[in-house]
Amino acid sequence: MRLRNDGPWGLCSSRQFLWRSSLGQVLYFMESFDPAELPELLKLYYRRLFPYAQYYRWLNYGGVIKNYFQHREFSFTLKDDIYIRYQSFNNQSDLEKEMQKMNPYKIDIGAVYSHRPNQHNTVKLGAFQAQEKELVFDIDMTDYDDVRRCCSSADICSKCWTLMTMAMHIIDRALKEDFGFKHRLWVYSGRRGVHCWVCDESVRKLSSAVRSGIVEYLSLVKGGQDVKKKVHLSEKLHPFIRRSINIIKKYFEEYALVGQDILENKESWDKILALVPETIHDELQKNFQKLHNSLQRWEYLKKIVNTSQNMKNDKCGPWLEWEIMLQYCFPRLDINVSKGINHLLKSPFSVHPKTGRISVPIDLLKVDQFDPFTVPTISSLCRELDVISINEKEREENEADAKPRTRDYKKTSLAPYVKVFEHFLENLDKSRKGELLKKSDLQKEF
């Protein structure tokens with residue numbers, strides 16, 4: 001495939017381009033991604049757009065620990081699902097050269113090992129061990145298929161994306177306030193979910209048992225497809241649950257009752273009735289039919305639950321409506337991803353081979369404004385480079401003095417996402433310098 005760099009094209013946004021016809025009409029169209037073009041697009045992306053310097057700065061962690069980056073595992077998925085594990089590199093330059101040579105469809109990041117991963121076959125049996133890794137979380141929309149009505153499987157829309165918004169708010173608040181973790185990088189997966197990398201030095205050293213304990217603390221929705229009621233609250237609610245409910249309350253009406261319309265018809269409200277005691281089934285069923293929408297039915301359900309509670313029906317505790325809210329809205333974590341130190345997770349700035357979207361960092365201050373459908377695709381970024389090249393060529397012809405060249409990604413819609421990443425790295429650097437100063441002061445005292 002040859003990328004166009006001629007013709008009457010103009011850049012409108014990361015997802016829209018304009019065509020100026022011979023009649024002067026301006027027509028807009030969406031930049032579509034064609035997976036068949038991915039091999040050529042990846043060459044351009046890894047050569048001109050991937051933020052290698054920031055990426056290396058992150059995973060090198062200031063070079064404080066010797067060979068930390070060199071002992072890190074990377075895996076590459078190539079065309080036709082060829083999977084290569086135990087890749088490792090000496091420095092940024094080596095990583096850059098290999099990525100531009102291999103042009104991986106997907107990059108995964110693994111643990112920091114006792115030895116260089118690319119030499120794992122030469123190490124004595126049992127000596128090659130995963131020693132450190134960020135605490136990671138993987139939240140995938142497919143795990144909510146039993147409670148979302150708008151989409152299923154890999155499909156997402158603006159209605160169900162609210163589930164990811166709530167998940168980020170709930171998990172991030174707990175990581176920050178309940179556990180005191182400072183350095184949390186949230187990343188869009190490129191398709192239907194989000195990942196979180198907790199990068200504090202102390203966290204990277206945690207054992208699998210401690211990681212399991214943390215993810216267990218953050219898990220409420222339990223049970224497979226055959227289990228109807230997946231949330232069970234006790235009379236004494238943990239503060240984490242109360243705070244999570246308070247976050248869900250901000251979104252519940254608009255998301256669940258209006259957007260998902262979870263009590264729209266008998267088929268949908270029967271799923272809710274399966275979560276409440278049988279003693280109030282008949283009354284709810286009879287009156288739901290008389291009411292007109294999910295909002296009215298939800299208010300009626302709350303009224304009946306409160307009445308039953310006042311009549312000392314011990315099966316209708318005050319937490320019943322919260323159990324329903326949590327089952328429909330609470331984050332669903334992939335426990336295995338979080339507890340295993342040697343578990344790999346998709347890298348930030350990797351390209352999703354099905355959608356073409358970049359796995360971009362998410363600004364924690366703008367979680368509610370994050371829209372996965374405005375995330376640039378590799379096609380749109382390469383088109384932007386085409387337009388930039390034309391404009392720069394024209395400018396160079398008109399200007400006598402050549403100005404210093406700006407990094408290519410800074411001229412595209414990838415720039416704000418790299419800026420979010422850089423802000424995260426600045427906080428990591430400040431924290432690391434602060435810790436080194438503390439250690440230095442302590443040594444002076446003794």
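## Basis of the model

A polar contact is a pair of N or O atoms within 3.5 Å; within protein, one must be able to donate a hydrogen and the other to accept it, and residues adjacent in sequence count only if both atoms are side-chain atoms. This is a predicted model: local features need pLDDT of at least 70, side-chain atom pairs count only at pLDDT 80 or more, and totals for chains, interfaces and linings use all residues. Residues are numbered from 1 along each chain as its sequence is written, and side-chain values use heavy atoms, with hydrogens and water left out.

## Gln 100 and its surroundings

Gln 100 lies in helix H3 (residues 92–102). Helices (H or I, at least four residues) and strands (E, at least two) are DSSP runs, numbered from the N terminus. The side chain of Gln 100 places a polar atom 3.0 Å from the backbone oxygen of Tyr 46. Contact means heavy atoms within 4.5 Å. Leaving out residues up to four places away in sequence, Gln 100 touches Tyr 46, Arg 47 and Tyr 52.

Gln 100 is partly exposed, with a relative accessible area of 32%. The scale is this: buried means under 20% relative accessible area, exposed over 50%, partly exposed in between (1.4 Å probe, protein chains only). Phe 50 is 50 residues from Gln 100 in sequence, and the two are 10.0 Å apart in space, C-alpha to C-alpha.

## Nonpolar cores

A nonpolar core is a set of buried Ala, Val, Leu, Ile, Met, Phe, Trp, Tyr and Cys residues joined through side-chain atoms within 4.5 Å. The largest one here has 125 residues. Tyr 45, Trp 58, Phe 137, Ile 378 and Leu 414 have the most contacts inside it. Helix H4 (residues 158–178) gives the most to this core, with 11 residues. In soluble globular proteins, nonpolar side chains tend to be buried together.

Trp 58 shows the packing in detail. Beyond four places in sequence, Trp 58 touches Ile 109, Leu 185, Trp 197, Cys 199, Pro 348, Phe 421, Phe 424, Leu 425 and Leu 428. Another core, of five residues, lies apart from the largest one; among its members are Ala 111, Tyr 113, Phe 128 and Ile 341.

## Strand S6 and its partners

Strand S6 (residues 106–113) is mostly covered, with seven of its eight residues buried. Two strands pair if DSSP finds at least two bridges between them. S6 runs antiparallel to strand S4 (residues 72–78), joined by five bridges. Here Thr 77 stands opposite Lys 106 of S6.

Two bridges join S6 to strand S11 (residues 345–346), again antiparallel. Ile 109 stands opposite Leu 345 in S11. Strand S7 (residues 130–132) is also antiparallel to S6, with two bridges. Tyr 113 has Ala 130 of S7 as its bridge partner.

## Salt bridges

A salt bridge is a side-chain nitrogen of Lys or Arg within 4 Å of a carboxyl oxygen of Asp or Glu. The structure holds 23 of them. Lys 43 and Glu 40 form one, at 3.4 Å, N to O. They are three residues apart in helix H1 (residues 38–48), so about one helical turn separates them. Both ends are partly exposed: Lys 43 has a relative accessible area of 41%, and Glu 40 has 33%.

Arg 72 forms a salt bridge with Glu 134, with the closest N and O atoms 2.8 Å apart. The pair links distant parts of the chain, 62 residues apart: Arg 72 is in strand S4, and Glu 134 is in the loop between S7 and strand S8 (135–140). Arg 72 and Glu 134 are buried. Glu 323 pairs with Lys 229, the closest N and O atoms being 2.6 Å apart. Glu 323 is buried, with a relative accessible area of 5%. Arg 173, Glu 177, Asp 178 and Arg 243 are linked in a salt-bridge network.

## Two loop residues

Ser 114 lies in the loop between S6 and S7. Outside four places in sequence, Ser 114 is in contact with His 71, Ala 127, Phe 128, Gln 129 and Gln 131.

Gln 369 lies in the loop between S11 and helix H13 (378–398). At 58% relative accessibility, Gln 369 counts as exposed. Its C-alpha atom is 9.1 Å from that of Thr 165, which is 204 residues away along the chain.
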